[in-house]
Number of protein chains: 2
Amino acid sequence: MFDIIALDADDTLWHNEPLYTKTQEKFCQLLKPYHDLEWIQKRLNETEIRNLEIFGYGVKGFILSMIETAIELSEGRISGREIQEIINLGRQMLQAPIELIEHVKETIPRLSRLYPLMLITKGDLFDQETKIARSGLADCFKHVEIVSEKTTEVYRAILKKYRFDPKRFLMVGNSLKSDILPVLAIGGQAVFIKYPTTWAHEAVDETEVRRAGYFEIDHIGEIFELLENLQN
Amino acid sequence: MFDIIALDADDTLWHNEPLYTKTQEKFCQLLKPYHDLEWIQKRLNETEIRNLEIFGYGVKGFILSMIETAIELSEGRISGREIQEIINLGRQMLQAPIELIEHVKETIPRLSRLYPLMLITKGDLFDQETKIARSGLADCFKHVEIVSEKTTEVYRAILKKYRFDPKRFLMVGNSLKSDILPVLAIGGQAVFIKYPTTWAHEAVDETEVRRAGYFEIDHIGEIFELLENLQN
């Protein structure tokens, strides 16, 4: 049915968003003397989005955005020691143990025996590589593509590179914006697995895309049933 | 003779090291009130090398290393404003215009009509992608590989992925450590083009590797003569 099944990594295979959320909470605590939490959160998010075009996605850019926000919101009064604390928060993110999402550990090796698998993830090259290595799943993936953005052009380029027919390409992920819509746009098929929290920047209006026609399952373990249904 | 000619980017196609050098000079000026220049330089370099295993190569990790060094050497007395200045130095690096090295502009398009070309570069994914796009040379390259390290394993994996025979693979670059030695180690051929300055971390003992057998040319424009000689 499919030449390849591609999977997203962050918040599809392992938990990622909670790492950002927890770090942001600690960051807000650090800046509490200067502003209220909601305002800090809002300004951090704005800085992050603004910096995406210079820093790209990933933890290192996020650390730099936290530092900039801290300097701005404290009007330069933030101390060197506090900035070092922010960098340390980022270091902890980069070295955090990989926590696989439920059903992933059993499902991915089993799925890899049925179909060749490809990992498609965006973010810092080095960070993503070490996460894949530490996940214990690296051997399940025939191909790994770490990209700076997940646009239709990027998916089209990947399919061209490996000479995959879009009709026989299935992408699985938790982001409608990055994993589902661009794949449908190039004629591929997509499976959406909702993750409890989504970064605001990745959010899209779900009702609007539902008619676009993608599959949805509650967890990765349900993919076998979906594949069986598709085959019949 | 070759199925593919691969080229390094930073300091092979365009100037890169001078950007780091100039930024370091400005950084040293900023920290002059706290320490003498040589000591600042030494400590920054140590921080950079130590951070490579967490941040990987690239400008964003370099900015974070500058900030850490500034906090450490000022014993936390560095101000928020000065740290913002450091981040701005990094931003300037990320947005600096691409300055092609002499002969590159004429040579690469001409070479791309004789052989399929591949770009192999290490660093921040996002930064390297925008540099390739801004260089005006993107169309000359059939393949682009941005990697986090240039080891024998990485070259072996690239060759396997594209099914290239190492004997018919030629790599061109300015780093003996990253572009020449690992390629020779897997049975490929390599052309060294010396760049006036090399980051200490990339330096190797040249006399020791000379017997390893690689080609050396003074500038990229000489590659046609080299290829002709090899054919005869």
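## The contact between the chains

Chain A and chain B meet in a contact that takes 29 residues from chain A and 29 residues from chain B. The model is predicted. On the side of chain A that touches chain B, the elements that give two or more residues are H2, H3, H4 and helix H6 (125–135) of chain A. H4(A) gives the most, with eight residues.

What kinds of residue make up the side of chain A that touches chain B? There are 13 nonpolar residues, nine polar and seven charged.

## How the copies are related

Two copies of a chain are related by a rotation about an axis and a shift along it. Here a rotation of 180 degrees superposes chain A on chain B. The shift along the axis is 0.0 Å, and the RMSD is 0.0 Å. That is the relation of a two-fold axis.

The same surface serves both copies. Of the contact residues of chain A, 100% recur in chain B.

## Helix H4 of chain B

Helix H4 of chain B covers residues 80–95, 16 residues in total. From its first C-alpha to its last it reaches 23 Å. That is close to the 22 Å expected at 1.5 Å a residue.

Which residues of H4(B) are buried? They are B:Gly80, B:Ile83, B:Ile86, B:Gly90 and B:Leu94. Seen down the axis of H4(B), these buried residues fall within an arc of 120 degrees, so they line one face of the helix. The face turned away from the buried side of H4(B) carries the exposed residues B:Arg81 and B:Gln95.

The buried residues of H4(B) pack against helices from both chains. From chain A come helix H2 (37–55), helix H3 (59–73) and helix H4 (80–95). From chain B come helix H1 (17–31), helix H3 (59–73) and helix H6 (125–135).

## Domains of chain A

The domain assignment of chain A gives domain 1 (4–15 + 98–231) and domain 2 (17–95). The C-alpha centres of domain 1 of chain A and domain 2 of chain A lie 28 Å apart.

How many residues of chain A are in contact between the two domains? Domain 1 of chain A has 12 residues in contact with 11 residues of domain 2 of chain A. On the side of domain 1 of chain A that touches domain 2 of chain A, three residues are nonpolar, five are polar and four are charged.

Definitions and conventions. Residues numbered from 1 in each chain as written. Chains lettered and ligands numbered in written order. Predicted model: local features only at pLDDT ≥ 70, side-chain atom pairs only at ≥ 80, totals over all residues. Helix = DSSP H or I, 4+ residues; strand = E, 2+ residues; numbered from the N terminus. Expected span 1.5 Å × (residues − 1). Buried ≥ 20, exposed ≤ 12 C-beta atoms within 10 Å, placed from the backbone. Arc of directions from axis to C-beta. Contact = placed C-beta atoms within 7 Å. Least-squares fit on C-alpha atoms with pLDDT ≥ 70 in both. Domains from an automatic or database assignment. Nonpolar A, V, L, I, M, F, W, Y, C, P; charged D, E, K, R; others polar.
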